[in-house]
Amino acid sequence: MRFVLRCKPGEHGERRERVAIVGAGPAGLYAAGYLRCRGFRVTVYDQNPEPGGFLIFGVLDIHIDKNGVRKGIEELRQMGVEFRQETRVGRDVMLGDLIKEYDAVLIATGTWRSRRLRIPGSEQEGVLPAMEWIVGYHMWRYGYRAERPPVGRRVVVVGGGLTAVDTVHVAKWLGAEEIHLVYRRTRRYAPAGEKGFREAEEAGAIVHELVTPVEYLGSGGRVAAVRLQRMRLVEQPGEKRPRPVPVPGEYITIEADMVLEAVGLIPTPPFNGGDYGIRLRSNGTIDVDEYKRTTREPVFAAGDVAHGPSLIGPAMKSGLEAAEAIEKYLNGEIGWRTDV
Ligand SMILES: Cc1cc2nc3c(=O)[nH]c(=O)nc-3n(C[C@H](O)[C@H](O)[C@H](O)COP(=O)(O)OP(=O)(O)OC[C@H]3O[C@@H](n4cnc5c(N)ncnc54)[C@H](O)[C@@H]3O)c2cc1C
């Protein structure tokens with residue numbers, strides 16, 4: 001996988017301006033490739049032991065060639081991109097220091113927190129956020145963590161997106177005997193699509209559509225079953241997908257000793273909301289304009305932290321667009337947004 005697009009290495013000579021990129025996922029890596037190619041001095045800060053973001057620690061290797069990703073990152077290193085791994089901005093380095101030290105800063109920190117259902121019984125042992133669990137699996141698999149992630153014998157996976165389908169695969173690989181995938185709409189309306197649901201079934205999951213968990217039942221502080229409410233779909237004028245609404249009085253219960261919630265991801269900017277004058281939108285994404293400029297000069301933002309959870313392609317495109325805008329800004333071709 002190459003991270004150098006729309007530019008030939010070395011063709012633009014060296015520049016003296018320095019750019020900090022926070023986050024080494026596809027958005028940050030494509031931006032790094034473009035900017036380094038254009039001669040800028042690029043430093044990438046990332047909290048993980050290895051660059052790649054979800055390309056390495058989220059997406060499964062049945063869906064992406066990880067050696068290809070690693071080769072692409074090595075190419076960036078050879079070109080002179082500096083990587084500072086295990087450096088969490090907001091804890092180990094402050095964003096304010098990067099703003100002072102660099103000519104431009106690009107935030108590409110993605111969505112590294114799971115949304116939770118917070119229903120009764122959620123606090124019990126065995127109820128876990130799926131994305132963090134998958135990241136833990138990759139950390140263990142690649143030798144960064146000694147502990148193998150825990151897995152139940154009977155696992156319920158909640159959700160209808162790519163993370164939910166991948167959770168089914170990982171649960172199977174780690175030895176779960178029975179896996180249930182529960183989703184509140186039908187597969188037709190699921191973010192993972194009918195293809196994703198077929199893949200989950202082929203991996204051995206029993207799929208339950210039109211149900212949503214309302215309580216995790218347990219014994220001795222550990223989850224033992226999931227109580228699910230039946231749902232039906234109601235068309236909403238102006239909305240793309242029908243809305244799931246409860247069918248009163250209709251419930252099913254599935255026995256489970258582990259529940260993995262894959263019900264959405266939350267943007268994780270590397271600062272507390274409101275700090276540095278960087279405005280967030282009501283959904284937690286960073287407010288950027290058409291040039292990916294935030295409300296604080298010279299800070300840009302791209303990828304899932306700016307447009308919400310998406311896919312590799314849109315994250316990559318957004319990173320490239322931000323890099324082109326940073327180049328224009330450092331060339332003096334554009335100034336800062338005036339609506340701040
Ligand atoms: C389990 C899973 C499976 C997926 N499968 C697919 C798939 O099959 N196909 C597809 O197209 N998409 C898939 N996606 C989505 C895709 O991976 C993301 O949309 C994409 O990686 C987002 O890119 P990004 O660069 O914005 O952020 P990310 O890839 O999330 O990278 C952000 C980086 O920033 C780092 N970071 C966060 N906060 C800080 C901080 N404060 N300081 C320093 N570093 C920080 C993170 O550790 C990470 O390395 C999947 C996602 C998940 C979770």
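**View 1. The loop that holds Arg118.** In this predicted model, the loop between strand 5 (113–114) and strand 6 (127–129) contains Arg118. The phi angle of Arg118 is near 50°, a positive value in a residue that is not glycine. For comparison, most residues other than glycine have a negative phi.

**View 2. The peptide bond between Glu297 and Pro298.** Glu297 and Pro298 are joined by a cis peptide bond, with omega at about -5°. Most peptide bonds are trans. Pro298 is placed in the loop that runs between strand 14 (265–266) and strand 15 (299–301).

**View 3. The shell around the ligand.** The ligand is surrounded by 32 residues, and the closest are Ala27, Asp46, Val89, Trp112 and Asp304. Sorted by class, the shell has 16 nonpolar, twelve polar and four charged residues. Which helix gives the most residues to the shell? Helix 6 does, with three. The elements that supply two or more residues are helix 1 (26–37), helix 5 (130–141), helix 6 (162–173) and helix 9 (312–330).

**View 4. The ligand and the two domains.** Why does the ligand lie between domain 1 and domain 2? Domain 1 (18–111 + 267–330) and domain 2 (114–261) both give residues to the shell, so the ligand lies between them. A UniProt annotation from an unreviewed entry, "domain: FAD/NAD(P)-binding", covers residues 18–319. The end C-alpha atoms of residues 18–319 are 17 Å apart, and the span is 27% helix and 27% strand.

**View 5. A salt bridge between Arg2 and Glu75.** The side chains of Arg2 and Glu75 form a salt bridge, at 2.5 Å from N to O. Arg2 lies in the segment before strand 1 (18–22) and Glu75 lies in helix 3 (residues 66–78), so the pair ties together parts that are 73 residues apart in sequence. The count of salt bridges in the model comes to 25.

Technical notes
Residues numbered from 1 in each chain as written. Predicted model: local features only at pLDDT ≥ 70, side-chain atom pairs only at ≥ 80, totals over all residues. Heavy atoms only, no water. Near = heavy atom within 4 Å. Helix = DSSP H or I, 4+ residues; strand = E, 2+ residues; numbered from the N terminus. Nonpolar A, V, L, I, M, F, W, Y, C, P; charged D, E, K, R; others polar. Domains from an automatic or database assignment. UniProt positions renumbered as here; feature names shortened; annotations may be inferred. Salt bridge = Lys/Arg side-chain N within 4 Å of Asp/Glu carboxyl O.
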